[in-house]
Amino acid sequence: MLLLFAAVCCAASAGNAISTYVALKSGAQDEGGGIAVGGSAADIPLRMLAAYKQAVQKVGKHVPKCRGMRWPILAGIAKVESNHAVGRNVADNGDIRPRIYGVLLNGSGAGGNTSVFPDTDGGRWDGTATGERAVGPFQFLPSTWEGVGQDAGGDGIADPHNADDAALGAAIYLCGNGRDLAKEPQLRAAIFQYNRFNEYVANVRGWIDQYTAAADGPDLENVTGDVRTVIEAALAQRGVPYSWGGGTASGPSTGVCCSPSGKSGASIRGFDCSGLTTYAYAQAGIRLPRTAAAQAGVGRRIPASAGTRALQPGDLVFYAYAPGRDSTIYHVGIYVGGGQMVNAARPGTVVRLDAVNAMSGYAGGARLL
């Protein structure tokens with residue numbers, strides 16, 4: 001994700017292809033008022049996830065030379081653009097109601113809107129003939145939709161307010177004339193074409209990494225005993241909300257006020273990072289101190305200089321503001337192998353699988369088992 005801020009992920013600026021800054025700024029928000037965050041498949045409504053996966057299967061018909069399209073790529077775009085239409089009703093046929101509209105792009109300055117986009121659809125998709133606004137879960141401008149929109153659902157209408165149609169249109173747009181999205185430069189070029197700001201590319205690229213981690217899942221075939229107990233206990237909490245100060249050896253709990261960003265966990269039943277590790281290790285009979293920095297003093301320390309390859313499943317993974325100084329450790333996760341960890345990342349997220357490099361300031365690990 002875009003790691004410009006420690007506590008809240010937010011997107012910046014936009015281009016004139018599909019989405020605009022004002023469309024993003026007016027997108028779905030979490031209960032705390034910020035752009036909603038999450039990061040595992042647990043935060044994607046099942047009907048929307050089905051649309052992303054279906055689009056991957058169908059895009060080859062429209063762009064035969066396209067390679068490397070995966071559902072996490074579409075999920076990364078949709079996360080930033082509309083938070084997967086969370087809060088809307090998605091019908092069985094994919095229709096989304098109420099419709100998702102961006103602000104009117106009339107140069108008024110509202111939400112950073114300074115460019116005028118004249119109407120191109122007579123209000124058919126964006127509900128107004130006085131100008132343009134981005135529409136649907138992938139925030140297409142009607143003029144862009146005219147060029148990439150396809151009927152994925154078979155009802156004879158290519159509708160940007162339909163999850164299936166919109167996801168397929170986004171896949172087609174990202175594929176261009178036949179990109180190989182498995183190649184990093186081409187993937188970044190596709191995202192940049194979607195929205196021509198580097199901050200946007202970094203934001204979406206981070207979400208793709210997180211959804212990829214969630215999709216791949218850990219391989220626990222050779223993990224046994226107490227290590228497996230700890231990992232399975234942590235994995236079983238995926239989708240549980242982050243709660244500042246939340247979580248005990250017995251499970252999720254309401255937290256306290258307040259995080260450095262001012263987020264309170266007092267009304268949220270869930271886990272913070274060290275609450276999750278406390279709970280998971282308790283299932284193997286190991287009692288941990290409550291804070292991440294204190295947990296670094298338990299077990300055999302694995303220095304950051306050894307690299308992440310020195311980690312083994314079940315190890316604690318630490319992050320510090322000043323790596324090398326354990327007193328500055330601010331975060332802890334549980335390593336599950338394959339470069340992934342179970343993570344309660346920050347306020348507004350859920351417990352999820354993340355890449356080990358999803359957090360900044362890697363400070364090594366600790367082996368307790």
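1. Basis. This is a predicted model, with residues numbered from 1 along each chain as its sequence is written. Local features need pLDDT of at least 70, side-chain atom pairs count only at pLDDT 80 or more, totals for chains, interfaces and linings use all residues, and side-chain values use heavy atoms, with hydrogens and water left out.

2. The sheet. Two strands pair if DSSP finds at least two bridges between them. Helices (H or I, at least four residues) and strands (E, at least two) are DSSP runs, numbered from the N terminus.

3. Strand pairings. Strand β6 (residues 316-320) is joined to β7 by five bridges, and the two run antiparallel. Here F318 has V332 of β7 as its bridge partner. Strand β7 (residues 329-337) is joined to β8 by three bridges, again antiparallel. I334 pairs with V342 of β8. β8 and strand β9 (residues 352-355) share four bridges and run antiparallel. V342 has L353 as its bridge partner in β9.

4. The hairpin. β7 and β8 form a hairpin with two residues between them. In the turn, G338 has a positive phi of about 65 degrees.

5. Strand β8. In a regular strand the side chains alternate between the two faces of the sheet. In β8 (residues 340-343), Q340 and V342 point one way, while M341 and N343 point the other way. All are buried. Buried means under 20% relative accessible area, exposed over 50%, partly exposed in between (1.4 Å probe, protein chains only).

6. Axes are lines fitted to C-alpha atoms, for helices over the stretch in contact, and angles run from 0 to 180 degrees between N-to-C directions. Contact means heavy atoms within 4.5 Å.

7. Burial of α9. Nine of the ten residues of α9 are buried, so the helix is largely enclosed by the rest of the structure. Among them are L276, Y279 and Y281. The buried residues pack against α8, α10 (292-295), β6, β7 and β8.

8. The α3-α5 crossing. The axes of helix α3 (residues 71-82) and helix α5 (residues 163-175) come within 10 Å and cross at roughly 105 degrees. That makes α3 roughly perpendicular to α5 (65 to 115 degrees). I73, L74 and I77 of α3 meet A167, A170, A171 and L174 of α5. These residues divide into seven nonpolar, no polar and no charged. Ala, Val, Leu, Ile, Met, Phe, Trp, Tyr, Cys and Pro count as nonpolar, Asp, Glu, Lys and Arg as charged, and the others, Gly among them, as polar.

9. Q139. This residue lies in the loop between β2 (96-97) and α4 (142-148). At 1% relative accessibility, Q139 counts as buried. A polar atom of the Q139 side chain lies 2.9 Å from the backbone oxygen of G136.

10. G149. This glycine lies in the loop between α4 and α5. G149 is buried, with a relative accessible area of 17%. The C-alpha atoms of G149 and G169 are separated by 4.9 Å, though the residues are 20 apart along the chain.

Conventions:
Angles under 35 degrees count as roughly parallel, over 145 as roughly antiparallel, 65 to 115 as roughly perpendicular and the rest as oblique. A polar contact is a pair of N or O atoms within 3.5 Å; within protein, one must be able to donate a hydrogen and the other to accept it, and residues adjacent in sequence count only if both atoms are side-chain atoms.
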